[in-house]
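Let's take a walk through this model together, one region at a time.

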There are 2 protein chains.
Amino acid sequence: MQLDDRKLKILQAIIHNYLETGEPVGSRTISKYTDLNLSSATIRNEMADLEELGYIIQPHTSAGRIPSDKGYRLYVDTMLKDKTSEVEYMKELFIEKADKLDSLLKQVAKLLAVNTNYASLVTKPQYRSKKVKFIQLTEVEADNLLAIIVLEGNIVKNKMISIAEVIDKEFLLKLNIVFNTFLQGLDLAEINMAIIQKMKEQAGTYGNLVSNILDAIAQAISEEEEVEIYTSGATNILKYPELNDRDKITELIGTFEEQEQLTEFMNKTEGADSGKIQVYIGSETAVKAMKDCSVVTATYEIEDGVYGKIGIIGPKRMDYEKVVSTLHTLMVQLDDLFRKKT
Amino acid sequence: MQLDDRKLKILQAIIHNYLETGEPVGSRTISKYTDLNLSSATIRNEMADLEELGYIIQPHTSAGRIPSDKGYRLYVDTMLKDKTSEVEYMKELFIEKADKLDSLLKQVAKLLAVNTNYASLVTKPQYRSKKVKFIQLTEVEADNLLAIIVLEGNIVKNKMISIAEVIDKEFLLKLNIVFNTFLQGLDLAEINMAIIQKMKEQAGTYGNLVSNILDAIAQAISEEEEVEIYTSGATNILKYPELNDRDKITELIGTFEEQEQLTEFMNKTEGADSGKIQVYIGSETAVKAMKDCSVVTATYEIEDGVYGKIGIIGPKRMDYEKVVSTLHTLMVQLDDLFRKKT
DNA sequence: TGTTAGCACTCACTTGAATAGAGTGCTAAT
DNA sequence: ATTAGCACTCTATTCAAGTGAGTGCTAACA
């Protein structure tokens, strides 16, 4: 059996209707709703076919049909093809000039959630090549050094280092030069024993101190290795009756709180192709708690090669068009924002 | 009418039973449960009195009684008096030596939630007097300065400053000295126009730059003005049927997500007296969404005068004893941890 | 005078049957 | 190929009756 034009139209009508109502839709509804001018009986036959083809499901005998994951998939795919980029700038979108990336992203998450009425999440971009750009050691107190490490992309890390021996100002200057000349442009993997040895030699009697400082630097660089993720609007999920089941809610809100699974999922998400919007339906997400949800993600680019993700989590019957266009808009704006800043 | 000894015993029995079951408790139960050897009829009379006194409530005729807020209050107060400090170290408590305060506190929140099966929250301590200890300006790139500000308590802030004009190394050194001599030991409020004027004079033609840098410093100091708050285990709340109502849940989880109200509440919480444990029952919290919950908070001390709060949110019928002792233990451990470190 | 037994009464909750309603599948007619 | 019509299925709602926990009150008792 083939999915001919008429079947497709009926399928779309079913999905459309279901997106609105959240109720299984029956043959009579379709018969009236569409301009196909077919009787409910005919629709019923077609629906039986569509069910056999796996696009729709009957929750129980004598109920209408609801879209299956496969059905949603088809719908989303064709929709995405049609509506490539009908970008309409959100008027309400007003991003306070926030200097801290963190708070900007938190705002974005909130914005998304409020605008769509679904749950949203935003990942903080990973600077994967963490090359050292600049290091500075400063004496804050007699027994406390402050190490400041600037990484590529102007990420600034800092770390206090307690020292036993009082350190001579002259020597601190020298130490600074040593660290900078040896480590500049390298990332964590490239700092090997040979380099460390050479540095220790230069430091003479202070060799021990060098180790300590190197440790601190290594720690500072590698911390926050895990992607940070910001979420908002988790409670929006409670609005949709099909998800409103004690256990489901517990699981869902739980995953939102824990974030681990979300992070993992967002990492797996394809994103090589910046600007592409992806839709994951039901079990396509591979997160058990979200098997009754759909997730739409988009990738934004802070600078070349540095990506973050923004996403929406909602019921399967979410308003895909709106979500996709909202995400698209926001993604473009984020891209712009960062482009301008650099 | 007076609350005599027998009435008190009955009240305690009622509360005790209700804490366990979550069901209204009837006279017969008490008659059997206690060692008072009273018939249910007598208990009934006493219960009628207790109700008149406002300690217990009857949800509807022909239901048992449940404690009122006033009843809980009494219970908690006497209990706290009795069990001052029966501290039992949690064996599972294993705090990874985390250098970042943030992740430590996140762990604490989680620990609390897991241990008690309620929702938990932890506020990050506020360093209220933010005096400048040390400032350093460094040239990272030709058009980018990095300002590092160390505040009292070794809080390090940093900020990138884009500059138009290339700056001379000599002068940068001088600028550093100027900033340090003028600003050291001052907090935001103490940096007044007179000081700023003097600094500009010293800077000569670079006066403009000084303004920019001061702006950046001011921003860096005042950012994160809002108390940060970490929460965990919000889903635990779903476990208790008396809170398991759609609207209540939405509200509760919502306040947990938004955090604003929580922050506000935790701020209002009394805490001058470090080590004191406070219990807020029902509407005592003044957060509408939490009117059916109780909150228990404790104050920990990072260093002299720097306090943070840890707290538990649960149903009114929470296991107060356990919660109080858990909080106490953790509070003491946190105190120790920081004391040792300094 | 405080305590207790007993009884009538109340009220929420459960159960089960009846009913309505939505929707299907199939058959026969067009 | 399409449609009308009918029997059938299954869910959800409604309603009545029954159950049981618990109370309040009264009268008897120590």
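Predicted model: local features only at pLDDT ≥ 70, side-chain atom pairs only at ≥ 80, totals over all residues.

**A tour of the model**

Residues are numbered from 1 along each chain as its sequence is written, and chains are lettered from A and ligands numbered from 1 in the order in which they are written.

Helix H9 (residues 246–258) and helix H10 (residues 260–268) of chain B have axes that come within 5 Å and cross at roughly 75 degrees. Axes here are lines fitted to C-alpha atoms, for helices over the stretch in contact, and angles run from 0 to 180 degrees between N-to-C directions. Helices (H or I, at least four residues) and strands (E, at least two) are DSSP runs, numbered from the N terminus. From H9(B), B:Thr255, B:Phe256 and B:Glu258 meet B:Glu260, B:Gln261 and B:Leu262 in H10(B), where contact asks for C-beta atoms, placed from the backbone, within 7 Å. The residues of this contact divide into two nonpolar, two polar and two charged. In this scheme Ala, Val, Leu, Ile, Met, Phe, Trp, Tyr, Cys and Pro count as nonpolar, Asp, Glu, Lys and Arg as charged, and the others, Gly among them, as polar.

Staying in chain B, look for B:Glu228 in the loop between helix H8 (207–222) and strand E7 (229–232). B:Glu228 has 16 C-beta neighbours inside 10 Å and so counts as partly exposed; a residue is buried if 20 or more other C-beta atoms, placed from the backbone, lie within 10 Å of its own, exposed if 12 or fewer, and partly exposed in between. B:Glu228 and B:Val122 are 106 residues apart in sequence, with their C-alpha atoms 8.6 Å apart in space.

Among contacts in chain A with a separation of 6 or more, 60% join residues 24 or more positions apart.

One helix pair deserves a stop here. Helix H6 (residues 169–183) and helix H7 (residues 193–203) of chain A pack at an angle of about 160 degrees, with their axes 10 Å apart. That angle makes H6(A) roughly antiparallel to H7(A). On the H6(A) side the contact is made by A:Leu175, A:Val178 and A:Phe182, and on the H7(A) side by A:Ile195, A:Lys198, A:Met199, A:Gln202 and A:Ala203. By class, the contact of H6(A) with H7(A) has six nonpolar residues, one polar and one charged.

How do the two protein chains meet? The contact takes 24 residues from chain A and 26 residues from chain B. On the side of chain A that touches chain B, the elements giving two or more residues are strand E4 (132–141), strand E5 (144–151), strand E6 (155–162) and helix H9 (246–258). H9(A) gives the most to this side, with six residues. The side of chain A that touches chain B has eleven nonpolar, eight polar and five charged residues.

Of the 20 residues around DNA strand C, A:Gly26, A:Ser27, B:Thr42, B:Thr61 and B:Ser62 come nearest. Helix H2 (27–33) and helix H3 (40–53) of chain A, together with helix H3 (40–53) of chain B, each give two or more residues to that surface, and H3(A) gives the most, with four. Around DNA strand D there are 20 residues, the closest being A:Thr42, A:Thr61, A:Ser62, B:Gly26 and B:Ser27. There the largest share, four residues, comes from H3(B). The surface near DNA strand D has six nonpolar, eleven polar and three charged residues.

A:Ser62 lies in the loop between strand E1 (56–57) and strand E2 (66–67) of chain A, and has a positive phi of about 60 degrees although it is not a glycine. With 8 C-beta neighbours inside 10 Å, A:Ser62 counts as exposed.

Definitions and conventions. Near = placed C-beta within 6 Å. Contact = placed C-beta atoms within 7 Å. Parallel < 35°, antiparallel > 145°, perpendicular 65-115°, else oblique.
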